[in-house]
Amino acid sequence: MAADPHDFDVSMATGIGWSSRRLREGLVRRVLMAAALLSVATTIGIVVALAVPTVQFFTRVSPVEFLTGTEWTPLFASPHFGVLPLVTATAVTTFWALLVALPLGLGCAAYLSEYAGRRTRKIFKPLLEILAGVPTVVYGFFALTFLTPLLRDIWILPGKGPQIYNALSAGLVMGIMIIPTVASLSEDAMSAVPDDLRAGARALGSTARQVTTRVTIPAALSGIIAATMLAVSRAVGETMIVAVAAGGTANLSLDPTEPMQTMTAFIAAAALGDQPTGSIGYQTLFAVGSLLFVITLIMNIVSIRLVRRYREVYE
Amino acid sequence: MSDADEPMADPSHELADQDRPAAAEAPPLAGRIPRATGRTVPDAPEEIVINVADVAIYYGSFCAVGGLTVQFGRREITALIGPSGCGKSTALRAFNRMNDLIPGARLTGSVSYRGQDLYGPRVDPITVRRRIGMVFQKPNPFPKSIYDNVAYGPRVTGMKVPNMDDVVEEALTSAALWDEVKDKLRQHAFGLSGGQQQRLCIARTIAVRPDVVLMDEPCSALDPISTAKIEYMMTELADEYTIIIVTHNMQQAARISDRTAFFTTEVDDATGRRSGLMVEFDRTAKIFSTPSDQRTEDYISGKFG
């Protein structure tokens, strides 16, 4: 007769193995929880570290002057604390960056996801991600020493053309820098759209272009918005390119051929100088930092809302 | 037109209009005479819409299905049946050139649509698909509103429509969905049940007023009640459209189709690969009572498959 398959020790308490396993599981759980808590604690710490000098700053400068003033000379003998020139500079460089990154990035994503063959995609995507790995200071140098001279040479529009330091080449190169972000994330979103939908649209007599514009992109809109918002965040927060190529003078202007100083570039420049702790110059850094933080926070909240609103769930 | 076709064609148009609201209130599913037995199907189609002669379809060097010779008659329902892997879906996709989208797919033999070579050098596959629509196995509504799903086809094809609302209502009515969704046309299509989604896909297909509707196992993902609704709707649609349906379900083929093509699989002795083959094409009544090929009979009687 064959051995009875149920003929083994059915006792559930197995002694030593059990308690040591429980100990190890508990340890792993605690280590992982500590990792999670640490990142939350760090964020809170940064907010507090930003907030304290910022509050001190606003006891000396009125928030109204800060947010509506048009002159930014915080380190001068007779200082002005109007942050608008820095904000507009950030907006201008971000605008030009998006003007480059959105069409090229989305075009690239649409090509890879809808038109390119499997092989092309396999070669192209890693190449694209290499572009994302180039240090931004290299991009900044590229803007200053290559793009700006080129723009000055080929300038045909009215006006004097770009100055040595200008927002335009900083913005354009920043756009090139964020193309991979937009392209890669949008491509992921578009590839995630089920082929069933493409087949359905094709069977109704859609061209490849109609499938892309009327089915794939709307269906992937949530991911494309997320990619765009991440691109905006990167452009707003980008420091090296604008510090190197856009110049160091606060300048309230929308003309991208002029030099301007963004919020990030100001922080970088001022932090390099020696600002005694507790001085107004020191506190200014934190005030601008807080403003940057608030702007990106609002953008993230908006982006989460948008992403939820347009999310499609497929089986 | 013969007298066999006459009673189906003309009065049915009037009938349909009076019938439909009532049909939606209480689907007259029970007691409906199966189409195959309820009418006389002529020996050969009166008017051939798609003529398939000696077609084989390859993926690269692999022959997916061969021996295709079928005539699809106007306003008839033709079923393609057979075991898994017999190439019936591949064959179906050849009739509106959906196979063109698969790299390496090619076709030998001739498929003609109303006398024109469907694979002729000057034929645009986009135009072909506008005339010959397709419904898929899994409901695949677009992530848009119910209304926009139906309006999609007319919009992309640039159809001249005096009033899109009418087009949408008409298509949804023909697909027996109007009464269920008329108050929520702007709602998202994903909120519908599987059966409703499939009827929406059918409405979307007929909104472009195709000549032929191809259906690839349209009920295989649905429950029996949804299946019954769609089957009934197909028999109604056959008053206007030529329908070709791939089905796994022999009872379904027997219930709704006028003609049936039976496919089987066959192993290539040299390569050991399994490919599809069309065995027999005839009136459904004949296929299910006195098939002329032994393989058909074995399949019908449940000896394999």
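How much area do chain A and chain B bury between them, and what share of it is on carbon and sulfur atoms? The answer is about 1,800 Å², with 61% on carbon and sulfur atoms. The model is predicted, so local features need pLDDT of at least 70 and side-chain atom pairs count only at pLDDT 80 or more, while totals for chains, interfaces and linings use all residues. Residues are numbered from 1 along each chain as its sequence is written, chains are lettered from A and ligands numbered from 1 in the order in which they are written, and side-chain values use heavy atoms, with hydrogens and water left out.

**View 1. The interface of chain A and chain B.** Buried area is the accessible area (1.4 Å probe) that two parts lose on being put together, summed over both. The size of an interface is often given in this way, as the accessible area lost when the parts come together. Chain A puts 21 residues into the contact and chain B puts in 24 residues, where contact means heavy atoms within 4.5 Å. One salt bridge is found across the interface by the rule, which asks for a side-chain nitrogen of Lys or Arg within 4 Å of a carboxyl oxygen of Asp or Glu. This salt bridge joins the side chains of K138(B) and D196(A), at 3.5 Å from N to O.

**View 2. The side of chain A that touches chain B.** The elements that give two or more residues to this side are α7 (195-203) and α8 (208-219) of chain A. Helices (H or I, at least four residues) and strands (E, at least two) are DSSP runs, numbered from the N terminus. The most is given by α7(A), with seven residues. By class, this side of chain A has eleven nonpolar, five polar and five charged residues. Ala, Val, Leu, Ile, Met, Phe, Trp, Tyr, Cys and Pro count as nonpolar, Asp, Glu, Lys and Arg as charged, and the others, Gly among them, as polar.

**View 3. Strands β9 and β10 of chain B.** In β10(B) (residues 274-283), eight of the ten residues are buried, so the strand is largely enclosed by the rest of the structure. Buried means under 20% relative accessible area, exposed over 50%, and partly exposed in between (1.4 Å probe, protein chains only). Strand β9(B) is also largely enclosed by the rest of the structure, because seven of its nine residues are buried. Two strands pair if DSSP finds at least two bridges between them. Strand β9(B) (residues 259-267) pairs with β10(B) in the antiparallel sense over nine bridges. Along this pairing, S275(B) is the bridge partner of E266(B), and R259(B) stands opposite R283(B). The hairpin has six residues between the strands, and G272(B) in it takes a positive phi near 75 degrees.

View 4. Strand β2(B) (residues 62-73) pairs with β10(B) in the parallel sense over two bridges. Here G66(B) stands opposite L277(B). Strand β3(B) (residues 77-81) runs parallel to β9(B), and four bridges join them. In this pairing I81(B) stands opposite F262(B).

**View 5. Positive phi at two arginines of chain B.** Most residues other than glycine have a negative phi. R114(B), however, has a positive phi near 45 degrees. R114(B) lies in the loop between β4 (105-113) and β5 (116-117), and is partly exposed with a relative accessible area of 34%. For R209(B), phi is positive at about 50 degrees. R209(B) sits in the loop between α8 (194-206) and β7 (212-216) of chain B, and counts as partly exposed at 43% relative accessibility.

**View 6. T257(A) and its surroundings.** T257(A) belongs to the loop between α10 (240-245) and α11 (263-272) of chain A. T257(A) is buried, with a relative accessible area of 10%. Its side chain makes a polar contact of 2.8 Å with the side chain of D255(A). Beyond its neighbours within four places in sequence, T257(A) is in contact with residues including W155(A), P162(A) and Y165(A).

**View 7. T264(A) in helix α11.** T264(A) is found in helix α11 of chain A and counts as buried at 5% relative accessibility. A polar contact of 3.0 Å links its side chain to that of T262(A). Leaving aside neighbours within four places in sequence, the contacts of T264(A) include V236(A), V242(A) and L292(A). T264(A) and V87(A) are 177 residues apart in sequence and 9.7 Å apart in space, C-alpha to C-alpha.

Notes
A polar contact is a pair of N or O atoms within 3.5 Å; within protein, one must be able to donate a hydrogen and the other to accept it, and residues adjacent in sequence count only if both atoms are side-chain atoms.
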